[in-house]
Amino acid sequence: MGAAQEEPGRRLRPGPAAQGPEAERSARQCAPALLLVRPAEPSANPETRASNAFQGQAPPDAARRARAEFEALLAALAQADIETLVLDEPAADPLPDSVFPNNWFSTHPGGELVLYPLLSPQRRRERRPDFVQRIAAALRSREVLDWSAEELSGRCLEGTGSLVLDHIGRNAFAALSPRTDRGLVERFCARFGYRPVCFDAAHRGQPVYHTNVVLSVGAELALLVRSALADPGPVLAALAAGQRRVLELSSAQMERFAANALEVRTRTGTRRWVLSAGAFGCLDAGQRAALSAAGPPVVAELGTIEALGGGSARCMLAELWPRALP
């Protein structure tokens with residue numbers, strides 16, 4: 001199964017029915033499909049640098065390299081039999097961070113599509129109306145919740161960058177920052193039935209810009225940079241209540257985006273972690289074994305994208321949850 005590209009009439013449907021406790025946990029936590037946006041001219045966004053300490057220096061010929069890295073990740077996902085829907089950014093209207101669509105929308109099994117408020121004015125243009133229409137049609141969405149107006153008053157919640165969701169334990173983890181407003185976290189939780197687990201996390205003397213660089217939650221395993229959290233107790237307690245084993249990562253591994261990973265389901269229902277080559281390469285043998293327990297990880301070189309945008313594999317992957325009911 002290859003990647004789907006620009007298929008207006010295509011609809012995604014739920015994958016194989018879960019059988020047994022482990023399969024049921026996988027089906028509840030790990031999305032059966034992903035959306036990616038093919039960038040036209042990726043670049044560094046000066047508007048995001050002040051709140052994102054992970055942005056680096058752009059290498060020579062960065063746009064070409066970043067486009068090649070995107071295609072390599074897409075090929076790796078196809079090789080792993082992970083269903084994808086790809087939208088092409090218009091060449092006439094390129095945006096620097098378009099490759100990170102998980103920040104401006106999320107989808108849910110009940111048929112809801114949520115649009116989020118973003119801190120960077122340039123990034124707000126990523127919520128293209130035609131993209132929203134294509135996603136809604138592919139998922140048979142029954143409701144579009146547009147919360148983007150909150151950004152006009154300085155209140156932001158940047159999708160599943162801000163929210164790391166434990167669908168099994170119904171916990172919404174959120175590292176508070178200029179991009180993650182506590183009140184909007186609570187609004188999301190009230191609407192979708194999650195418990196807010198808000199916390200403070202720091203990197204290089206400033207708040208960590210997105211939760212998904214310090215935490216990722218899979219069906220059985222959670223990746224956590226405990227040392228970055230001011231008080232890890234509530235996060236650890238919530239993960240334990242959700243029966244997650246915790247794989248602790250160091251600050252140095254966080255710098256390589258080791259926590260910026262996502263566990264997804266293949267078309268046959270197996271689970272695979274997706275992360276960058278830099279992230280996987282900085283793990284020790286035991287950590288690699290833990291990530292490989294459910295299946296071999298999907299790994300792609302993303303160094304240029306990481307340097308330009310200060311985000312990695314997880315930021316490039318927006319989870320698609322086909323509507324559970326007809």
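Which residues does Arg128 touch, not counting residues up to four places away in sequence? Select Arg128 together with Glu89, Pro90, Asp93 and Leu95, which are the residues that Arg128 touches once those up to four places away in sequence are left out. This is a predicted model, with an average pLDDT of 92 for the protein and a score of at least 70 for 91% of the residues. Over residues 1-8, however, the pLDDT is below 50, although this stretch has 21 contacts in the model beyond near neighbours in sequence.

Stay with Arg128 and show the loop between helix 3 (121-124) and helix 4 (129-139), where Arg128 lies. Arg128 has a relative accessible area of 9% and is therefore buried, the cut-off being under 20%. Now display the backbone of Asp93, whose oxygen is reached by the side chain of Arg128 at 2.7 Å.

Next, select helix 2 (residues 62-79), whose 18 residues reach 26 Å from the first C-alpha to the last, close to the 26 Å expected at 1.5 Å a residue. Colour Ala62, Ala63, Ala66, Glu69, Phe70, Leu73, Leu74, Ala76 and Leu77, which are buried in helix 2. These residues cover an arc of only 160° around the axis, so they lie on the same side of helix 2. An α-helix has 3.6 residues a turn, so residues three or four places apart point the same way.

Finish at Asp81, which follows helix 2 and has a positive phi, near 65°.

Definitions and conventions
Residues are numbered from 1 along each chain as its sequence is written. This is a predicted model: local features need pLDDT of at least 70, side-chain atom pairs count only at pLDDT 80 or more; totals for chains, interfaces and linings use all residues. Side-chain values use heavy atoms; hydrogens and water are left out. pLDDT is the predictor's confidence in each residue, from 0 to 100. Contact means heavy atoms within 4.5 Å. Helices (H or I, at least four residues) and strands (E, at least two) are DSSP runs, numbered from the N terminus. The expected span of a helix is 1.5 Å times one less than its number of residues. Buried means under 20% relative accessible area, exposed over 50%, partly exposed in between (1.4 Å probe, protein chains only). The arc is that of the directions from the helix axis to the C-beta atoms. A polar contact is a pair of N or O atoms within 3.5 Å; within protein, one must be able to donate a hydrogen and the other to accept it, and residues adjacent in sequence count only if both atoms are side-chain atoms.
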